[in-house]
Number of protein chains: 2
Amino acid sequence: MKMGNRIYNVVIIGYGGMGSYHVQLIEPIQQLAVGGVYDIVDYRMELAAAGGYKTYESLDAVLADQAVDIVLIATPNDVHKEIAIQALQAGKHVICEKPVTITSADFLDIVEVAKKENRVFTVHQNRRWDEDFRIIKDMIGKKTVGELFQLESRVQGANGIPGDWRQLKAYGGGMLLDWGVHLLDQLLQITDSQIESVAAKLSYILGTEVDDGFTSFIEFKDGLTAVIEVGTTNYVKLPRWYIKGTEGTAVIRDWDLSGEIVTRNPDVAHVEPKPIQAGQGLTKTMAPPSEESTLKFPIEKIPAAAESFYQNFVSAIEGKAELAIKSEEVHRVLVLIETIFEAAATKSVIRRTI
Amino acid sequence: MKMGNRIYNVVIIGYGGMGSYHVQLIEPIQQLAVGGVYDIVDYRMELAAAGGYKTYESLDAVLADQAVDIVLIATPNDVHKEIAIQALQAGKHVICEKPVTITSADFLDIVEVAKKENRVFTVHQNRRWDEDFRIIKDMIGKKTVGELFQLESRVQGANGIPGDWRQLKAYGGGMLLDWGVHLLDQLLQITDSQIESVAAKLSYILGTEVDDGFTSFIEFKDGLTAVIEVGTTNYVKLPRWYIKGTEGTAVIRDWDLSGEIVTRNPDVAHVEPKPIQAGQGLTKTMAPPSEESTLKFPIEKIPAAAESFYQNFVSAIEGKAELAIKSEEVHRVLVLIETIFEAAATKSVIRRTI
């Protein structure tokens, strides 16, 4: 064993869909080992035990166990804060599922404890590693479509809200606090600009007490407009990503990375197109540009990120790298979410620097 | 010749793209004949003469000609009003291109003169006859996707604003006053509900003094949200129509009527789907619904409208039918356009009953 190749013992708190998924993800990481599981629901403990994992009798038992290095919190959202603070105070490093807390103030309380206890604390914003997002971010950095001025990021399903605590307000349910957290976190990674204004509408088509989706329009100081949309009542999807720049448009339609990039051909002078018949009228404006005046490119895969989420967490514990998911970033997303709730509730455009 | 089969003599004022298009459309109409053309630009008069049409020396000459029954105005937008009023006062019936006027107040002035002179006056909202629109309106009426709660209507091109007066503010240029008029007019035909609030953003990507596109979010009192969008810098198009109802979603992608309708299968109980891998995470919410739990239908063509725009105009002159394009409807679209300009200029949500 090389110097520094210490194995860190992770205990998973909450063994639902996400908790058991974390177990699968952690297994292949060289410096991490799943040392046990705790869940308040008996059958989940039985599942964990059947899977060969040590089960703890209580959260206190986890925290009292000196062999535990890292606590990973995959419970409903409402109890993240208390578990995180207790774990940090017990000397554990902590990974928490998103949304880390329901309010930005609650999050700052955790950050304060992490600082005081000198423990590493981060949030599982795993979708920063999604290939579709990384390709879009790369394109924007390389100005593949020129200067970016419009970004539309959508996830749309037709299955409603999952039939669990995600339908309940007290547990931090609803889609803004679910997929919304990912899409907004990704958005804030795409530009350095500050937010200037936020408008939003939550949807309550399914009659749940929490939003079953939302649309938010976010204007940045540099002129970028972002449309962020989550829907759970969409039987046909709009594209996952649609970005417009001064030189072209790119679309990624789905997780399979289908899509294309179409740009102006800089070598061909603009030719006003001939009008086409469109419905009961002519249009020159909406005629397709001539074949030779545009260039079409496929969506190309890009190399994997240097470090995975978990590898980065280990590096941060060992002081070898900064956390990929920084507290300031997590806090900014939470402030944005609060602003979206406010904009929707007041049916107004909130002008606020974020 | 049968009783009432009188032929009406139409003179076209403005022989640009739209004026010459009207000539083609009017030729096949049994009770209409193009009796001549007037344009302030010499070469257009030469084109009209070369096409075998009588040319007039001036607008006054057209209006003084007792043989002229109908004046069709296809000039830039800024002079519609004065020509319309003069023509009505000269005893002509009038068809005017859209937008009929830049302001709703100007339009009311024309309506007053038309009433006083007892002449028929209408606006060429030809896109009410577009098949894509008529299919969508029909679907909504039949509740093909259940109760409608979201409607997205977009036209997107990559050719910029046409290189003429449409780029100039003084002439009533810009895309809100161009394609916007059609999309908003169609929208107001789709629901009986009143508008509750309007938010909007105009785009100025091309650096013109007028908008090169816009997005508007319109909330109706019955809960419908409409997204109306026109773009001239979109190298990839989003669908022409995207409608969501309580039972499903329908999309018409383009003028070719490609698209589909996907609805919940009422005969199959909802089955929570299995999580799928999407990017670097699992999602149950965004997993496609199971094959058997949805129904898919093609977009079907519908029979042509009973009367064309021009036939209806003749019927209205002869007192046999109401005008298809009514003054109250045209006025409401103009008030909505003014509200969109106001919402965009003030960067706020305008709560106003329209």
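With which residue does A:Asp109 form a salt bridge? In this predicted model, the partner of A:Asp109 is A:Lys81, and the closest N and O atoms of the two are 2.7 Å apart. The pair links distant parts of the chain, 28 residues apart: A:Asp109 belongs to helix α5 (residues 104–117) of chain A and A:Lys81 to helix α4 (residues 80–89) of chain A. A:Asp109 has a relative accessible area of 33% and is therefore partly exposed. A:Lys81, at 22% relative accessibility, likewise counts as partly exposed, because the partly exposed class begins where the buried class, under 20%, ends.

**Salt bridges within and between the chains**

Over all chains, the structure holds 46 salt bridges.

| Salt bridge | N to O distance |
|---|---|
| A:Asp109 and A:Lys81 | 2.7 Å |
| A:Glu247 and A:Arg264 | 2.9 Å |
| A:Asp138 and A:Lys142 | 3.0 Å |
| B:Glu196 and A:Lys347 | 3.5 Å |

A:Glu247 forms a salt bridge with A:Arg264. Since A:Glu247 lies in the loop between β10 (241–245) and β11 (248–252) of chain A, and A:Arg264 in strand β12 (residues 259–264) of chain A, the pair ties together parts that are 17 residues apart in sequence. A:Glu247 is partly exposed at 29% relative accessibility, and A:Arg264 is partly exposed at 35%.

In the salt bridge between A:Asp138 and A:Lys142, A:Asp138 is partly exposed, with a relative accessible area of 27%, whereas A:Lys142 is exposed, with a relative accessible area of 60%.

**A buried residue in a strand**

A:Ser197 is part of strand β7 (residues 195–203) of chain A. Is A:Ser197 buried or exposed? Its relative accessibility is 7%, so A:Ser197 counts as buried. Apart from neighbours within four places in sequence, A:Ser197 is in contact with A:Phe217, A:Ile218 and A:Glu219, and also with A:Val349, A:Ile350, A:Arg351 and A:Arg352.

**The contact between the two chains**

How many residues does each chain bring to the contact? Chain A and chain B supply 72 residues each. Together the two chains bury about 5,700 Å², and 56% of this area is on carbon and sulfur atoms. Of the area that chain B buries against chain A, 14% comes from B:Asn159, B:Tyr235 and B:Met286, more than from any other three residues.

Between chain B and chain A there are four salt bridges, including the one formed by B:Glu196 and A:Lys347. The count of residue pairs in polar contact between the chains is 40. Strand β6 (residues 148–156) of chain B provides six residues, the largest share of the side of chain B that touches chain A. That side of chain B is made up of 28 nonpolar, 26 polar and 18 charged residues.

**Relation of the two copies**

Two copies of a chain are related by a rotation about an axis and a shift along it. The same surface serves both copies, as 100% of the contact residues of chain B recur in chain A.

Methods. Residues numbered from 1 in each chain as written. Chains lettered and ligands numbered in written order. Predicted model: local features only at pLDDT ≥ 70, side-chain atom pairs only at ≥ 80, totals over all residues. Heavy atoms only, no water. Contact = heavy atoms within 4.5 Å. Buried area = accessible area lost by both parts, 1.4 Å probe. Salt bridge = Lys/Arg side-chain N within 4 Å of Asp/Glu carboxyl O. Polar contact = N/O pair within 3.5 Å; in protein donor to acceptor, adjacent residues only side chain to side chain. Helix = DSSP H or I, 4+ residues; strand = E, 2+ residues; numbered from the N terminus. Nonpolar A, V, L, I, M, F, W, Y, C, P; charged D, E, K, R; others polar. Buried < 20%, exposed > 50% of the residue type's maximum accessible area, 1.4 Å probe, protein only.
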